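Let me put the structure up and walk you through a few spots.

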Amino acid sequence: RQGGAITGFGRFRGVDDNPTEVLVKIFPSWLKKHPLPPNVVVDRCQILEVSGVGAKEGLEDMRGSCFEQTGQMRVWVHLGVDARSK
């Protein structure tokens, strides 16, 4: 069984409505309507704080709970946005 996690950043200066936050929040309900193959599971969807300290805490939590404990290969997809994009 293959597992994975989806992360995105929350709001930050210049981006009040971060599209990656929206995508990560709606992904679990999207999966209910569009299931993955039985041997694939996304067991964690998390919004990370944009600050260095906050992001580090979130990343350490993800690593410990999702990756180190399973002993299996995992896929981690992180979504981001560039505030300078138009």
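Let's start in helix α1, residues 19-33, where Phe27 and Trp30 sit three residues apart, so about one helical turn separates them. Bear in mind that this is a predicted model. How many aromatic pairs are there? The count comes to one aromatic pair. That's Phe27 and Trp30: their ring centres are 5.7 Å apart and the planes are at 20°, so the pair is stacked. Is Trp30 buried, or partly exposed? Trp30 comes out partly exposed, because its relative accessibility is 43%, and buried would need under 20%.

Now over to Thr7, which is in strand β1, residues 2-9. Thr7 has 0% relative accessibility, so that one counts as buried. Its side chain has a polar contact with the side chain of Trp76, at 3.0 Å. Beyond its sequence neighbours within four places, Thr7 is in contact with several residues, including Val24, Leu48, Met62 and Gln46.

And Gln46 is my last stop. You'll find Gln46 in strand β2, residues 40-48. What about burial? Gln46 has a relative accessible area of 15%, so it's buried, given that the cut-off is under 20%. The Gln46 side chain also has a polar partner, with a contact of 2.7 Å to the side chain of Arg44. Setting aside residues up to four places away, Gln46 touches Ile6, Thr7, Gly8, Val24, Gly58, Asp61 and Met62.

Okay, that's my tour. Over to you.

Notes: Residues are numbered from 1 along each chain as its sequence is written. This is a predicted model: local features need pLDDT of at least 70, side-chain atom pairs count only at pLDDT 80 or more; totals for chains, interfaces and linings use all residues. Side-chain values use heavy atoms; hydrogens and water are left out. Helices (H or I, at least four residues) and strands (E, at least two) are DSSP runs, numbered from the N terminus. Buried means under 20% relative accessible area, exposed over 50%, partly exposed in between (1.4 Å probe, protein chains only). A polar contact is a pair of N or O atoms within 3.5 Å; within protein, one must be able to donate a hydrogen and the other to accept it, and residues adjacent in sequence count only if both atoms are side-chain atoms. Contact means heavy atoms within 4.5 Å. Rings of Phe, Tyr and Trp (its six-membered ring) pair if their centres lie within 6.5 Å; planes under 30 degrees apart count as stacked, over 60 as edge-to-face and the rest as tilted.
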